[in-house]
Amino acid sequence: MNANNPQASDPPEDGTTGIRAALEDLQLRIAEALRGSGPAADVERNVRALLAQGFERLDLVSRDEIEQQLESIAALRNRIDALERQLDALSRVDPAPPAKG
């Protein structure tokens with residue numbers, strides 16, 4: 001929605017991109033507000049450093065990583081279901097002999 005930054009209105013590709021885009025937009029707005037002043041470059045460097053530190057502290061994963069994990073979980077669930085069916089079929093075909101005692 002920002003005329004100076006048309007990318008700010010684009011939908012995020014994943015959670016990480018959305019947060020990153022919001023922080024980059026904030027950074028651009030701060031830079032625009034401080035443009036023309038002498039210490040603007042110092043403030044911009046400090047803002048960039050603060051944003052970089054914030055990203056390093058966040059434990060974020062990409063949408064691709066989440067999708068891969070969901071696929072792995074679904075495959076494992078299918079394998080478990082197949083093994084349960086196989087076990088059930090085997091227990092019906094060959095019941096354990098009665099214990100002698």
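**A few notes on this helical model**

1. Let me start at the surface, where Val61, Ile66, Leu70 and Ile73 make up a nonpolar patch. Taken together, these residues have about 330 Å² of accessible area. Please keep in mind that this is a predicted model.

2. Leu70 belongs to helix α3, which covers residues 63–93.

3. Stepping back to the overall fold, you will find 3 helices and 0 strands in the chain. In sequence order the pattern reads α-α-α.

4. How much of the chain is buried? Of its 101 residues, 11% are buried. The chain exposes about 8600 Å², and 56% of that area is supplied by carbon and sulfur atoms.

5. The second largest pocket also deserves a look. It holds about 180 Å³ of space. Two elements each give two or more residues to its lining, namely α1 (15–34) and α2 (40–57). Helix α1 provides the largest share, with 6 residues.

6. Which residues lie nearest the centre of the second largest pocket? They are Leu23, Glu24, Gln27, Arg48 and Leu51, out of 12 residues that line this pocket.

Definitions and conventions
Residues numbered from 1 in each chain as written. Predicted model: local features only at pLDDT ≥ 70, side-chain atom pairs only at ≥ 80, totals over all residues. Heavy atoms only, no water. 1 Å grid on protein atoms, 1.4 Å probe; cavity = no way out; pocket = protein on both sides within 12 Å on 5 of 7 lines; lining within 4 Å. Points joined across faces, edges and corners; volume = space filled by probe spheres on them. Helix = DSSP H or I, 4+ residues; strand = E, 2+ residues; numbered from the N terminus. Patch = residues over 30% accessible without salt bridge, like charges linked within 9 Å, V, L, I, M, F, W, Y side chains within 5 Å. Areas by Shrake-Rupley, 256 points an atom, 1.4 Å probe, with all protein chains shown as cover. Salt bridge = Lys/Arg side-chain N within 4 Å of Asp/Glu carboxyl O. Buried < 20%, exposed > 50% of the residue type's maximum accessible area, 1.4 Å probe, protein only.
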